[in-house]
Amino acid sequence: MTTSQPDPMDHDDRVAQPQAAVRRAAAGSTEWALAVDQLAEAWLAANDLDRAIATRRMGLTGLASEAAHCRADLQHDLGVDLMTRYRRHGRSADLRTACRLAEAVFAAAPPADRLRAASDLAARWSAHPEDTDTLERARRFLADELAAAPQDDAARTAAANALAGIHLALWHRRNEFDGLTAALEKVLAEPVIPGAGAANVIGLLSEVAEESSDLALLAEAEKLARRSLAVVEGEPRVSVARLLAAILLTRHEWTGEAEVLAEAAEAGDDAVRTAEAAGNADLLAQALSVRSTVHGEAGRVFDDRTRTDAAIADAKRALALARSTTPETGEYTNQVALLLAERFDLFGTSEHLDQAIVLVDEELARGPAADEFAAIATNQATALLSRAELRTRPDPAGAAGDLLRGIELVEQAIKATPPGSAGLAARHSTASRLWAHRDTREALAIAGQHAEAAVDHCPPGSADRPLYLNNWAMLLKRVRELTAPDSEPAREIALLERAFEAARGRFGETSVLVASIRYNLGARLLEVFDLRLAAGTEDLALLQRAIDELDEALGADHPHLSVPTGRLLGDIAWRLSLWDKGEHAFRLALTAAGRLTGLRRHRQDKERARSGVQGIGALAALCAARDGNVAAAAVHLEQASATLIAEAVGVAADGVTFDGVVAGARLMDRHVLLLGTTAAGGIAVLVGPDGRATHAELPGLTEGAVAGRVAAFRETISATPDSAAAGRRDAADVLCRWTAKTVLDPLWPLLADVRRVAVLPLGRLAWLPLTAAAAPGTDADLSRLEPLLLIRATPAGRHGEVPAGPRRVVVWADTGPADARIPGAAREARRVAGSHPGAELVVHDRPAGDTEPEPTDDPAALTALFDADLLHLACHCEVDAERPQETVLHLSPPLRVGTAPPGRRARHAHIVLSACDAALTSATLPDEALSAATAFLLSGAGAVTAPLWPAGDAATPRFMAAYHAELAAGTAPPRALAKVQRAWAGRPKFFAASWVVTCWPDAAGVAAEKTGAR
């Protein structure tokens, strides 16, 4: 099949003059050949590469014997044009023809031009995709010609640059580091002139610098790139600017210099602009790729979602361009996938991770190039590991499938990686993490082999070596926990000491990696101290060493490390009864957890750091109280109350103060009772509107006791069918009696002069019926104090204004699907609406087999709901585990309630959720997980009335009717609820004790109580 060539003599005003010169000259003459060459250059200037190629072909075909001396120049120039077209469009015929032309030029070259011709020929040979034999042939050929050429040959610099490019191509195909370093020595022996010809030398310098972690060599590459960028223009500028951006990015990664990212972004912009102006799709794809990498890093460092999204947009555009020019798109696909996966880590939902996995699966199905497969497969294995971690609890079978496929891919990647490759260590490390997640003895043994191989294959000076040593030590810790939990972690300590020595010379003392290693080392040393102490030996020198390592880790000031480090140091001080030092350490840990609310780092790190944060706050409060500082104890409890809530509403860690707690008490005209629990017992701090703070310790309120009581109650509620309600009633009575005796009875000396109270319970304490607990058949202990629950004690600064005009009441019921019916929902809604003249009533009685659609985020529907003064919802609701600030309201259609719907009056709506356990915080989310009630408060409600355990279908309509009768009469929600619960005191606690009023200490405490029914 032949392709028609464009006619170079077609009329075009842009090339009219050189066309006229060709027509005037005698066909085939030297004058004609020169005119043809000028016409080809004119077509290039007009951005018509195809006509330039056709023009030079015409010149070679019509050249007469007397002008044969022009043949080599025409062949050379035609070869250059064909290579340009090959790079743009990937036409293999262009590459083959360009190689034949270069061979002809080299064969006819005089001695003075031999080295230049050899450089051109070798560069074209090296362009063959996936052809390592041709690459090696090109390397040997050019190296021999360079060795034979005179030292004063002007083409030596160009030849050295071409040789550097061949070595780079061999490196990417073979990953042989020894050959790369030997090439650098040979290339640098030649003079290097800044400019277009230096691009390959810059690339070679930066590659060797990265693989050897040589900052000085990287600085040389940066210097040469900057000098070259000052003098080069056109297409060569794209390569140099792109290299400079990549070098600056590496410098940032090594040194932590965030300001370097701005320069890297400028270089990336330069590369993209120049490539767009040149119209070169291949170069533009490369430029977009490097700019995408810079944007991605900046988004991560500066917590900037806009930059992360810009990185993804650049990467997708680069991928689209690459697919139009070359079949080798694995690198570009991989970049898009990595950015999508990272967006999931930083900001997103699992859909970003799923998109990344699908994208790479498509690339793997196409069959990536052999030299790309290992990297793509390894990154896909990492993404599958992330998804397996995400799916472990809701979908264990899916998680197991992801792990197995990830293991299969990474094992294939290891087999596809040549021995000696720098990437081999990373692939073994990934395999180790995947195997370790299977968490069986056999799997952990295989994981250990891979962890050891990662260290063995990692060059001694590599920046990754300390990380691999640390990971190996952590894997051995897990093996020891399974096989010999009472043995000393001697091998782990030895590995961590090696990791520390390898890291301290490469990274700063306060770097994340060094701090992580020191934390792990301190924790293992503390473990040895405890083991020896249990055996009768108190090694205080060892304890001091552990404290020193933990102090250094804490001093590095990385929030996600400071939380567990402060906890360990606080535990040590606690055991030694050093209350002030314990409070100091716990306070630092708590502050670090609070700082995490303003940092958008990896979501998994944030969740790990928050784990146990409320327990840390309680311990800090207990230490502070024993040290005599009750105000500090109140602050610790308040700061620990809910960092997710703080993040949702923009509360900074340093915004939590004792004055803030007092301000909340004054705003509500209530005392605030903050409650926490520790392994050593509970702590209660009472703060009054007058600023006075008192406290009490609750010895029986230990973490274990609360967890046991709550777990037993929840298990009974879950296991008992509706038809066996007696079991639920008995369980509720037992829990209420225990809560009254253990929590409330010791508090009465504190509460003697209190008129009204707001309770802020931490952690599992929020699961106890604190506001309605009492012995069966008696009034709730706190009922006379009109209690309500807080989600924070400090006002959020968004006080609700109660609108003027008639009171708007909305009652909405949904009877639920066939497998989760709420039999009394419709009856309840009608009774509630009957208490409020003019109420808007919506009842949806679902037909059998009704299929519920996906939740919507309709702003208009949300605004309509929140514009009500009183909104009663008799329907199912649940917390969204992906975004715990939100909840799904199972109406028809289901409605997703997000934070702060726009265009809505703030904080006056009183919402009643009368189904499910809508006030219960989820046990499957982080420590300060949110409930459905909390989600409504975050979305703008002033107060939410909801149950802590599933409301009884038979009793709820009557209880709600009584409650709404009080509300309709103008009684404030806390007083109304307490009054109705007292009226129900003679009935089993199961029916009435679960109901609580939850609120912010602003609109709910002021508007709802002072305005009544209006």
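Glu 966 is in contact with Thr 971, Ala 976, Lys 979 and Val 980, leaving aside its neighbours within four places in sequence. The model is predicted.

**Glu 966**

- Glu 966 sits in helix H39, which runs over residues 956–968.
- Is Glu 966 buried or exposed? Its relative accessible area is 17%, and buried means under 20%, so Glu 966 counts as buried.
- Ser 835 lies 131 residues away from Glu 966 along the chain, yet their C-alpha atoms are separated by 9.0 Å.

**Helix H23**

- Helix H23 covers residues 490–504, which makes 15 residues.
- The buried residues of H23 are Glu 492, Ile 493, Leu 495, Leu 496, Ala 499, Phe 500 and Ala 503.
- These residues cover an arc of only 160° around the axis, so they lie on the same side of H23.

**Cysteines**

- Cys 736 has 0% relative accessibility, so Cys 736 counts as buried.
- Cys 999 is buried as well, with a relative accessible area of 0%.
- How many disulfides does a search of the whole structure find? The search finds zero.

Definitions and conventions: Residues are numbered from 1 along each chain as its sequence is written. This is a predicted model: local features need pLDDT of at least 70, side-chain atom pairs count only at pLDDT 80 or more; totals for chains, interfaces and linings use all residues. Side-chain values use heavy atoms; hydrogens and water are left out. A disulfide is a pair of cysteine sulfur atoms within 2.5 Å. Buried means under 20% relative accessible area, exposed over 50%, partly exposed in between (1.4 Å probe, protein chains only). Helices (H or I, at least four residues) and strands (E, at least two) are DSSP runs, numbered from the N terminus. The expected span of a helix is 1.5 Å times one less than its number of residues. The arc is that of the directions from the helix axis to the C-beta atoms. Contact means heavy atoms within 4.5 Å.
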